[in-house]
Amino acid sequence: RVRVRGLTIYRPVIYGNIAVVLTDEERQALPPQSREHTHRWTVAVRNAASAPDSDIVGGADDLSYFLKRVTFKLHETYPNATRNVDKAPFEITETGWGEFEIQIRMNFVAEAGEKAILFYHHLKLHPWAPTGADPTTAEAPPLEVASKMGPVHSWQYDEIVFHDPFQSFLNILTAH
Ligand code: SLL
């Protein structure tokens, strides 16, 4: 296995979440143990070249040519809080009532010979809206107001950097 010394190659990704307020009908349809849930959210890792809310899978938007597994570690209040996703789309959709920190572990294909890398994302459910007359103060509005404001997005951009990549891995990266 030959490394290409002195070479650095990176792949841009975005990770984060979208969240919507559940309608009354959706809340009623939840199982009894989830009746307190107020939101549906999706946490995802995407190719930075595609729009955060796009559902495109495959082609240039599919990261599975270099990602083998993405592990999302949810809050311990969730059953099976550690969720593995082994193919695109690398995302988890859940319902819930609270914001928390999600651990996102990215594991690379074997050819990479790279250790997993870890990102943290603060799950965002609540929008911010000005309170009263003073436009410099804001707080999370009540649910019925938030539901009219549309989906909440929170995304971060990052670059996964590979130094001295194996020649075989470099071939895989550059073929996409
Ligand atoms: C908070 N520190 O108090 C946070 C914890 C936990 C969120 C938020 C669902 C759990 C379930 C859920 O939304 N947990 O019923 O499975 O705001």
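## Ligand shell

Nine names make up the surroundings of the ligand: Ser34, His75, Thr77, Tyr78, Gly96, Trp97, Gly98, Glu99 and Phe100. The model is a predicted one.

By residue class, this shell splits into three nonpolar, five polar and one charged.

## Chain overview

The protein chain holds three helices and ten strands. Along the sequence they run in the pattern β-α-β-β-β-β-β-β-β-β-α-β-α.

The C-alpha atoms fill a box of roughly 60 × 40 × 25 Å along the principal axes. The chain has 176 residues, and buried residues make up 20% of them.

## The four-stranded sheet

Four strands form an open sheet in the order β5-β2-β1-β10. The pairing is antiparallel. Strands of a sheet pair through backbone hydrogen bonds, in either a parallel or an antiparallel sense.

Which strands stand at the edges? They are β5 (90-96) and β10 (152-163). Each has a single partner strand, so one side of each is left without a neighbour in the sheet. From one strand to the next, the twist averages 15°.

β1 covers residues 8-21 and β2 covers residues 39-47. These two strands pair in the antiparallel sense over nine bridges. Within the sheet, Val13 stands opposite Asn47 in β2.

## Ala140

Ala140 sits in the loop between β9 (138-139) and α2 (143-146). Is Ala140 buried, exposed or partly exposed? Ala140 has 15 other C-beta atoms within 10 Å. A buried residue needs 20 or more, and an exposed one has 12 or fewer. Ala140 falls in between, so it counts as partly exposed.

Which residues does Ala140 touch, leaving out those up to four places away in sequence? They are His126, Pro127 and Trp128.

Asn171 gives another reference point for Ala140. The two residues are 31 apart in sequence. In space, their C-alpha atoms are 48 Å apart.

How values were computed. Residues numbered from 1 in each chain as written. Predicted model: local features only at pLDDT ≥ 70, side-chain atom pairs only at ≥ 80, totals over all residues. Near = placed C-beta within 6 Å. Nonpolar A, V, L, I, M, F, W, Y, C, P; charged D, E, K, R; others polar. Contact = placed C-beta atoms within 7 Å. Pairing = 2+ DSSP bridges. Axes fitted to C-alpha atoms, helices over the stretch in contact; angles between N-to-C directions.
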